[in-house]
Amino acid sequence: MNRHLFIIFILILLFPFSFLFSQEKGNISSNPYILVLSSYNPDNYRTANFIKDLERHFDERGHNERIFIEDLGYSNIYTISEWKEKMQKLLKKYDDDNLRAILVLGQEAWCAYLNQDSLCRDVPLFVSFASDNVLRLPCKQNDTDYSFFSVRNDCTQVNMGGGFINEYDIEANIKLIKHIYPDVSNVAFISDNSYGGVVLQTLVKQEMKEKFPEIDLTLLDCRFEGVNSIKHRITNLSQNSVILIGTWRINNNGLYLSKHTLRDLITKDNPNPVFSLTGLGISDVAIGGYVPDYKFDVEMIADNLIKCFETSYVSPEIIPTRNVYHFNKSNLKKFGIREYVLPSEKIIEDQLEGKIKKYQEYITIILIVMMLLCALFIRYIITERKLKLKQEELIIALEK
């Protein structure tokens, strides 16, 4: 009997502590909410606009559910081995009954989430600013060989809710290069020190090996080389080499690269034709490429998120962005490429026309001012002539 009393006494003592531990996670919100996992700071221009539009759609539909945003701060590939564990710890904070959906913004957060050992959350998953191919974690900083999986083909166990993912078509780009330059023997691929750069390089290496073994692949990898070293190698490429741009955002020291450095890297007198896998460089140094149409529909994602609050069923709508042929008109002319050899469905960017559109308002104002000045000048001349005639008539009258 004394033993039983002792056990009851111990349980009574431990009860307050067990209560405290049970409340450690607690309810983040007493009302339904969605969790946004962002690769970058929410103040980032693109992320901030996305969240702003999302909140506006919620307000228009009469919904005031909370939106919690977690910034993962994944800026470069150096910390990739930590992503999985960091995401795991973060998700534990939000393990409560009021979580209605998870929205992932950015490739790094997308990778860290999908690499979790257990994704048993019974909430729909939404995504934007990410791609179909995802690296397998954990990875080391100096790894050169990575494996990846396809979201659409390999993630059947994930409760997909909706969103947009980019698909990069390496095969179509290499075929485009071969169509315009049949004698191409080497492709020099430029990539940077970002997660996206590593993913694209992995894809290019696999596709080239499997489908274009007759073409050599030169890797201009900003993870292991400085900008000046890559620039030197570009100037020494063989005659039948073609440059293919992947990503150019972060250098080997983890610092951000400006777009201007791409023009310094590939100078105007560079004899090798340049193409782009991502659209980067088509406005200045590249001839063109088959690139994703980076559009996203916040309204569609917002509608499906609202369904998570109103109903228990959401129809999955993970939409891959379509790819489009883009070309630079001045670079087509520079390399003597006729438009009739290009694919029938294409967009040709005219730099001069683009500048005119960009400064159209200023040009219109200048033209209006010039027209007003011309009108005033003509009026001045007419007035002067009339005064001169009257003066002459007055002189004649006085003489008479």
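Of the 400 residues of the protein, 44% count as buried, where buried means under 20% relative accessible area, exposed over 50%, and partly exposed in between (1.4 Å probe, protein chains only). The model is predicted: local features need pLDDT of at least 70, side-chain atom pairs count only at pLDDT 80 or more, and totals for chains, interfaces and linings use all residues. Residues are numbered from 1 along each chain as its sequence is written, and side-chain values use heavy atoms, with hydrogens and water left out.

**Exercise 1. State how many helices and strands the protein has, and describe its open sheet of six strands.**

Step 1. The protein has 13 helices and 15 strands; helices (H or I, at least four residues) and strands (E, at least two) are DSSP runs, numbered from the N terminus.

Step 2. In the open sheet, six strands follow the order β2-β1-β3-β4-β7-β13, with parallel pairing. Two strands pair if DSSP finds at least two bridges between them.

Step 3. At the edges stand β2 (66-71) and β13 (317-320), each of which pairs on one side only. From one strand to the next, the twist averages 10 degrees.

**Exercise 2. Follow the pairing from β3 through β4 and β7 to β13.**

Step 1. Strand β3 (residues 99-105) is joined to strand β4 (residues 125-131) by four bridges, and the two run parallel. Here I102 stands opposite L125 of β4.

Step 2. Between β4 and β7 there are five bridges, again with parallel strands. The bridge partner of L125 in β7 is M160.

Step 3. Four bridges pair β7 with β13 in the parallel sense, and G163 stands opposite I318 in β13.

Step 4. As for cover, seven of the seven residues of β7 are buried.

**Exercise 3. Determine how helices α3 and α4 pack, and which residues meet.**

Step 1. Two packed helices are described by the angle between their axes and the distance between the axes.

Step 2. For helix α3 (residues 80-92) and helix α4 (residues 107-114), the angle is about 75 degrees and the axes are 8 Å apart. Axes are lines fitted to C-alpha atoms, for helices over the stretch in contact, and angles run from 0 to 180 degrees between N-to-C directions.

Step 3. The two helices, α3 and α4, are therefore roughly perpendicular to each other (65 to 115 degrees).

Step 4. From α3, W83, M87 and L91 meet E108, A109, C111, A112 and Y113 of α4, where contact means heavy atoms within 4.5 Å. The residues of this contact divide into seven nonpolar, no polar and one charged. Nonpolar covers Ala, Val, Leu, Ile, Met, Phe, Trp, Tyr, Cys and Pro, charged covers Asp, Glu, Lys and Arg, and the others, Gly among them, are polar.

Step 5. Helix α4 also lies across β1, β3, β4 and β7 (160-166), running at about 130 degrees to β4.

Note on methods. Parallel < 35°, antiparallel > 145°, perpendicular 65-115°, else oblique.
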